[in-house]
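Subject: The structure we talked about, with notes

Dear colleague,

I am passing on the structure for you to look through, and below it you will find my notes on what turned up. Please keep the model open while you read, so that you can follow each part in turn.

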Amino acid sequence: MEINLHKIKILKIISLSLVVSHETLTKLDTRFYHSSCPSLQQITASVVASYIQQDPTAGAPLVRMFFHDCAVNGCDASVLIKSTPNNTAERDAIPNQTLRGFDIVDEIKSQLEAVCPGIVSCADIIAIAAKDAVFQQGGPDWIVELGRKDGVVSSAAEAEALLPSSHSNAATLVASFAALGLTSRDMVTLSGAHTFGRAHCTEVARRFYGYNSSNGMDPSLSVTYGQTLRSLCPQPLNPGSSVPLDPTTPNTFDEVYYSDLLQGKGLMSSDAALVADPHTARYVTEYSQNTDAFFNRFTAAMLKLGRVGVKLGSDGEVRRICSAVN
């Protein structure tokens, strides 16, 4: 796949305003709500747990939401804002039309407003909920840095320009993450969130139907896995059908995703791309052999992502309802 030079130019320009500063690092605080809303952590963890208990696939979308929020104008909950007649918001951008988890964030916000009205930002709720989803499904735990304010601008056009495609090659992915101040290792590490969750058949079918090859499959895809995917996504494709991102342990946060990649079982083109490029493949191999290394690096990368373009102090608001500005 060719690199989209125009998109990379946009990414380089916007990165100047997104890359975390030393000032941001000193103002985000793990104890930000310690006195103003002491029940924050308990409420968030409880709500996330209740949804995962009902649906084991409910956790992964919260991590995806966190990335999609932070990648567009920083971690400011702009991805939650609904479109109005005068504005098409991020959540209606094509890459965000399959996002899930809005109901979970709304439930957390509702319970927090009952005990700590006007205190906790929606941006911080997303960050904590993403961490809880990872931990509750077998992944690492960490203390989330807090104090973000909610943004008041949300643009579908910006989301479509800035969010990386699931069809991207490694070079394009590296450029997209670099615009956020993240390294190629960070990119491979955060891609490990594909160790749980699902993707729609319509998004990935091009890899195992009608591909320009002798068997109609992407050569980077294991033939056996491709046949399995065809059975899970029979033609004609059902727009509502989906398949696990990790075929081995689909609802557990672990390092198996990386082992799957090395066996030709990366569901998306962007997953397979991590192995095709030697620079990123070395991290795939490392994590496939060392769970602790992956978990430690994932924790650090999530904290780093959570500092991108945050709004502090008067540079934002605390929304009363997460889907609309005050």
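What percentage of the 326 residues of the protein count as buried? The share is 55%, and please keep in mind throughout that this is a predicted model.

**The overall picture**

The protein contains 15 helices and 2 strands. Its C-alpha atoms fill a box of roughly 60 × 45 × 45 Å when the box is taken along the principal axes. For 326 residues, a compact globule would have a radius of gyration near 20 Å, and because the protein has 19 Å, the value agrees with that expectation. If we take the contacts in the protein with a separation of 6 or more, 76% of them are between residues 24 or more positions apart.

The accessible surface comes to about 14,100 Å², and carbon and sulfur atoms account for 53% of this surface. As for charge, there are 26 positive and 32 negative side chains, and the centres of these two sets lie 3 Å apart.

**The disulfides**

A disulfide is a covalent bond between the sulfur atoms of two cysteines. The structure holds 4 disulfides, and if you number the bonded cysteines in sequence order, they pair as 1-4, 2-3, 5-8 and 6-7. I describe some of them here, one after another.

C37 is joined to C116 by a disulfide with an S to S distance of 2.2 Å. This pair links distant parts of the chain, since C37 sits in the loop between helix 2 (22-27) and helix 3 (40-54), while C116 sits in the loop between helix 5 (102-115) and helix 6 (122-136), 79 residues apart. The link of C37 and C116 is right-handed, with 85° about the S-S bond, and both C37 and C116 are buried.

C122 and C322 form another of the disulfides, with their sulfur atoms 2.1 Å apart. Here too the pair links distant parts of the chain, with C122 in helix 6 and C322 in the segment after helix 15 (291-305), 200 residues apart. Why is the disulfide of C122 and C322 called left-handed? The torsion about its S-S bond is about -95°, and therefore the disulfide is left-handed. C122 is buried, as is C322.

C201 and C233 are also joined by a disulfide, with an S to S distance of 2.1 Å. C201 lies in helix 10 (residues 201-204) and C233 in the loop between helix 11 (223-232) and strand 2 (242-244), so the pair ties together parts that are 32 residues apart in sequence. The torsion about the S-S bond of C201 and C233 is about -70°, so this disulfide is left-handed. Both C201 and C233 are buried.

**A covered helix and a buried lysine**

How many of the residues of helix 9 (residues 184-191) are buried? The count is 8 of its 8 residues, and among them are R185 and D186 as well as M187, V188 and L190. The buried residues of helix 9 pack against helix 8 (170-178), helix 12 (256-262), helix 13 (269-276), helix 14 (278-289) and helix 15.

K109, which is found in helix 5, deserves a look as well. K109 has a relative accessible area of 3%, and because the cut-off for buried is under 20%, K109 is buried. If residues up to four places away in sequence are not counted, K109 touches V120, C122, I125, V318, R319, R320 and C322. Two of these residues, C122 and C322, form the disulfide described above.

**Backbone details**

The peptide bond from Q235 to P236 is cis, with omega near -5°, and P236 lies in the loop between helix 11 and strand 2. N73, a residue other than glycine, has a positive phi near 65°, and its place is in the loop between helix 4 (60-70) and helix 5. A77 lies in the loop between helix 4 and helix 5, and its phi is near 60°, again a positive value in a residue other than glycine. A77 counts as buried because its relative accessibility is 0%.

With best wishes

Technical notes. Residues numbered from 1 in each chain as written. Predicted model: local features only at pLDDT ≥ 70, side-chain atom pairs only at ≥ 80, totals over all residues. Heavy atoms only, no water. Helix = DSSP H or I, 4+ residues; strand = E, 2+ residues; numbered from the N terminus. Rg over C-alpha atoms; globule rule 2.2 N^0.38 Å. Buried < 20%, exposed > 50% of the residue type's maximum accessible area, 1.4 Å probe, protein only. Contact = heavy atoms within 4.5 Å. Areas by Shrake-Rupley, 256 points an atom, 1.4 Å probe, with all protein chains shown as cover. Lys, Arg positive; Asp, Glu negative; His and termini not counted. Charge placed at Lys NZ, Arg CZ, Asp CG, Glu CD. Disulfide = S-S within 2.5 Å.
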